[in-house]
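Here are my notes on the model, point by point. Please read them with the structure open.

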Amino acid sequence: MLLVKLICVGRLKEAYWRAAVEEYEKRLSSLCRLELMELPEARLPQSPSPGEIGAALEKEAEAILPRLAGRVFPMCIEGKQVSSQELAKLLGDAMTSPGAVSFVIGSSYGLSPQIKAQGKPVSMSPMTFPHQLARVMLCEQVYRGLQILRGAPYHK
């Protein structure tokens with residue numbers, strides 16, 4: 001069974017975001033082995049300098065790196081936009097070798113270049129979304145992609 005790792009910097013604080021992710025965790029439980037990891041955001045002052053932001057992203061990268069497995073997809077606005085069918089293909093390819101995929105959602109300042117270099121960056125949209133919503137959307141798209149691979153009508 002495919003291992004899907006969702007590595008997220010930051011916590012879901014609102015109950016409605018947690019409930020949405022929990023719903024997709026339930027749905028995904030029969031399709032893959034899902035590991036959802038929440039890592040702490042690096043502390044920054046109210047108006048951080050570019051140097052402080054860079055140092056924070058590197059600190060977050062240190063926590064992310066040992067948790068990566070299989071094919072890595074950093075989620076960032078500079079990444080390639082993929083359709084649901086293209087995401088399904090990426091998941092299908094990961095099922096054969098090495099059998100694992102890691103999606104990484106960074107903090108509000110994004111991801112370090114070091115993490116982006118670990119795999120194939122993917123973008124959900126040129127629009128900016130709150131990271132909590134991006135997590136729900138990613139869970140939904142993984143579910144949709146796995147349903148596409150099964151030939152289920154869900155993606156229509």
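1. Helices here are DSSP runs of H or I with at least four residues, strands are E runs of at least two, and both are numbered from the N terminus. The side chains of Arg144 and Glu140 meet in a salt bridge, 2.8 Å from N to O. A salt bridge requires a side-chain nitrogen of Lys or Arg within 4 Å of a carboxyl oxygen of Asp or Glu. Both partners are buried. Buried means under 20% relative accessible area, exposed means over 50%, and partly exposed lies in between (1.4 Å probe, protein chains only).

2. A word on the basis. This is a predicted model, in which local features need pLDDT of at least 70 and side-chain atom pairs count only at pLDDT 80 or more, while totals for chains, interfaces and linings use all residues. Residues are numbered from 1 along each chain as its sequence is written, and side-chain values use heavy atoms, with hydrogens and water left out.

3. Helix 5 itself. The helix has 20 residues. From first C-alpha to last it reaches 29 Å, close to the 28 Å expected at 1.5 Å a residue. The expected span is 1.5 Å times one less than the number of residues. Gly151 follows helix 5, and its phi is positive, near 80°.

4. Where does Ser84 sit, and what is it in contact with? Ser84 is found in helix 3. It counts as buried, at 18% relative accessibility. Leaving aside neighbours within four places in sequence, Ser84 is in contact with Gln141, Arg144, Gly145 and Ile148. Contact means heavy atoms within 4.5 Å.

5. The other salt bridges. The structure holds 10 of them. Arg27 forms one with Glu23, the closest N and O atoms being 3.1 Å apart. These two are four residues apart in helix 1, so they too are separated by about one helical turn. Arg27 is partly exposed, with a relative accessible area of 31%. Glu23 counts as partly exposed, at 31% relative accessibility.

6. Glu35 and Lys5 meet in a salt bridge through their side chains (3.9 Å, N to O). The pair links distant parts of the chain: Glu35 is in strand 2 and Lys5 in strand 1, 30 residues apart. Glu35 counts as partly exposed, at 29% relative accessibility. Lys5 is buried, with a relative accessible area of 10%. Lys5, Arg33 and Glu35 are linked in a network of salt bridges.

7. Five strands form an open sheet in the order 2-1-4-3-5, with parallel pairing. Two strands pair if DSSP finds at least two bridges between them. Strand 2 (33-39) and strand 5 (122-123) are the edge strands, each pairing on one side only. Helix 2 (residues 50-64) packs on the sheet and touches strand 1, strand 2 and strand 4. The direction of helix 2 makes about 155° with that of strand 1. Axes are lines fitted to C-alpha atoms, for helices over the stretch in contact, and angles run from 0 to 180 degrees between N-to-C directions.

8. Strand 4 deserves a look. Strand 1 pairs with strand 4 in the parallel sense over six bridges, and five bridges join strand 3 to strand 4, also parallel. Leu3 stands opposite Ala100 in strand 4. Val72 stands opposite Ser102, and Pro74 has Val104 as its bridge partner. Six of the six residues of strand 4 are buried, so the strand is largely enclosed by the rest of the structure. Ala100, Ser102 and Val104 point one way, and Val101, Phe103 and Ile105 the other.

9. The cores. A nonpolar core is a set of buried Ala, Val, Leu, Ile, Met, Phe, Trp, Tyr and Cys residues joined through side-chain atoms within 4.5 Å. The largest has 27 residues; Leu2, Val4, Leu91, Val101, Phe103, Val142 and Leu146 touch the most other members. Helix 5 gives the most to this core, with six residues. A second, separate core of 11 residues includes Ile7, Leu68, Val104 and Leu111.
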